Amino acid sequence: MGPGMMGYGYGGYMMGPGYGPYANGGNHWRNLSPEQADKYQASQEQFYNATSDLHQEIYSKQFALNRELNSPNPDQAKALKLQNEISKLRSELDQKILQHQLELRKILPDDDGR
């Protein structure tokens, strides 16, 4: 991927808003103790590392589907199969995202603006 196509990230300075503490202007850091901030950062990094292959697989399948759909004579069965695979992968990712968000709520203080 090129620099303009970084994909999902955990929200560092150069990658723009993402999953991390820099999302929403860094609001999550303001109420965290140093211990909470360390746990939050470790959780974010673990989530990013645990899901990066899944993200890449989704991107690869999406690219293959786009290539198939843009071919002169798209194979309907192949396109449908790819879309089904993408849907399953996205569902798996959505479940992991939800689990991660619930884990983060255990770290964030109650007065974090929720």
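Student: In this model, how should I read glutamate 68: is this residue buried or exposed?

Tutor: Glutamate 68 is buried, with a relative accessible area of 12%, because buried means under 20% on this scale. Please keep in mind throughout that the model is predicted.

Student: Which residue does the side chain of glutamate 68 meet in a salt bridge?

Tutor: A salt bridge is read from the distance between a side-chain nitrogen of Lys or Arg and a carboxyl oxygen of Asp or Glu, which has to be within 4 Å. Here the side chain of glutamate 68 meets that of lysine 78, at 3.6 Å from N to O. This pair links distant parts of the chain, since glutamate 68 belongs to helix H1 and lysine 78 to helix H2, with the two residues 10 apart. Lysine 78 counts as partly exposed, at 42% relative accessibility, whereas glutamate 68 is buried.

Student: How many salt bridges does a search of the whole structure find?

Tutor: The search finds 5 salt bridges, and another one of them joins lysine 61 to glutamate 85, with N and O 2.8 Å apart. Here too the pair links distant parts of the chain, as lysine 61 lies in helix H1 and glutamate 85 in helix H2 (residues 76-107), 24 residues apart. Lysine 61 is partly exposed at 23%, and glutamate 85 is likewise partly exposed, at 21%.

Student: Which residues are linked with Lys61 in a network of salt bridges?

Tutor: The network links Lys61 with Lys81 and Glu85.

Student: What of glutamate 35 and lysine 39, and where do they lie?

Tutor: Both of these residues lie in helix H1 (residues 34-69), 4 residues apart, which is about one turn of the helix.

Student: How do I read the way H1 and H2 are arranged, and at what angle do their axes cross?

Tutor: One looks at how close the two axes come and at the angle between them: for H1 and H2 they come within 9 Å and cross at roughly 170°. H1 is therefore roughly antiparallel to H2, because angles over 145 degrees count as roughly antiparallel.

Student: Into what kinds do the residues of the contact of H1 with H2 divide?

Tutor: The residues of this contact divide into 15 nonpolar, 8 polar and 9 charged.

Methods: Residues numbered from 1 in each chain as written. Predicted model: local features only at pLDDT ≥ 70, side-chain atom pairs only at ≥ 80, totals over all residues. Heavy atoms only, no water. Buried < 20%, exposed > 50% of the residue type's maximum accessible area, 1.4 Å probe, protein only. Axes fitted to C-alpha atoms, helices over the stretch in contact; angles between N-to-C directions. Parallel < 35°, antiparallel > 145°, perpendicular 65-115°, else oblique. Nonpolar A, V, L, I, M, F, W, Y, C, P; charged D, E, K, R; others polar.
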